[in-house]
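Biologist: Please take a close look at one part of this model and describe how that part packs against its surroundings. Kindly state the criteria behind each term as you go.

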Amino acid sequence: MMNDGIKKLLDLQKIDKVIDGYLAQMEEIPLAVLDKHSQIQQAKQSEEEIKNKVRAFQLKKKEKELELATHEEKIKKREAELNSLNSNEAYKAVLSEINQSKKEKELIEDAILTIMLESDTAQQGIAQVSQEAKDNEKKFLGEIKILEEESSKLQALVNEEKKVRDDYTAGIPADVIKRYNYIREHRKGSALMAIKGECCDGCNTNLTQSVINEVKKGKDMIICESCSSILYFPADPKPASDENVIPIVA
């Protein structure tokens, strides 16, 4: 025999499980939205990294060009000195210095050419990465919009179920609802648990025969001393797994 109050609370628990299911889905949405924003930022960061790389090449090229100008000025100056030298040894020494500067000048010119090639390659990459970043942003913003719409739908369903809950609880004594809510809040889920065999299905604790008998009488609400759940015998021998079915919103 099942207490009528227990029957009402079981129906209430089913409503609450539906609400919990919707809320659980809603809790996941902000994290998903945050992940989408993170992916947008990552794409923009990749674009900025390439731009910084191009700026570094440009700066390095300017440094090399200044270095090249210094060597060219040095060569020009030393070449102008050649005609004024009086000894063969001095002439050879300055000529050797000029040749060394020319070799260094060639190395700098090669370095500048390499930098320009690398800069051009990076510059071409900017356009590609920039387009990818724009495409990804458009894609992820679209996905964020879908997630926000889903959240709105879920909220509407929660509101509907809460109205059903309010209407339903109006027919249950306030002290019973208070007790039910307290147990449910502290157990973070189901307030009622079936007796399976001689155990509480919530904590698997063996129940005394006295407790089992009291539950069978169906006169009072009997609490499991171990997990504080309200105990009941299922109306049929099938497991009450259907109570745990959570509607999924596409």
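Modeller: Helices (H or I, at least four residues) and strands (E, at least two) are DSSP runs, numbered from the N terminus. The model is predicted, so local features need pLDDT of at least 70 and side-chain atom pairs count only at pLDDT 80 or more, while totals for chains, interfaces and linings use all residues. Residues are numbered from 1 along each chain as its sequence is written, and side-chain values use heavy atoms, with hydrogens and water left out.

One partner of H1 is helix H2, residues 88-169. Their axes (lines fitted to C-alpha atoms, for helices over the stretch in contact) are 6 Å apart, and the packing angle, taken from 0 to 180 degrees between N-to-C directions, is about 165°. H1 is therefore roughly antiparallel to H2; under 35 degrees counts as roughly parallel, over 145 as roughly antiparallel, 65 to 115 as roughly perpendicular and the rest as oblique. The crossing of H1 with H2 is left-handed, meaning that the near helix is turned anticlockwise from the far one by less than a right angle, whereas clockwise would be right-handed. Residues in the contact of H1 with H2 (heavy atoms within 4.5 Å) comprise 37 nonpolar, 14 polar and 29 charged. Here Ala, Val, Leu, Ile, Met, Phe, Trp, Tyr, Cys and Pro count as nonpolar, Asp, Glu, Lys and Arg as charged, and the others, Gly among them, as polar.

H1 also meets helix H3, residues 174-187: the two axes come within 12 Å and cross at roughly 45°. H1 and H3 are therefore oblique to each other, and their crossing is right-handed. From H1, the residues Leu9, Leu12, Gln13, Asp16 and Asp20 take part, facing Val176, Ile177, Tyr180 and Arg184 of H3. By class, this contact holds five nonpolar, one polar and three charged residues.

E1 (residues 192-196) runs antiparallel to E2, joined by two bridges, and Ile195 stands opposite Cys200 in E2.

As to confidence, pLDDT (the predictor's own score for each residue, from 0 to 100) averages 88 over the protein chain, with 93% of residues reaching 70 or more. Over residues 237-250 the pLDDT is below 50. Where pLDDT is low, the predicted coordinates should not be read in detail.

Conventions
Pairing = 2+ DSSP bridges.
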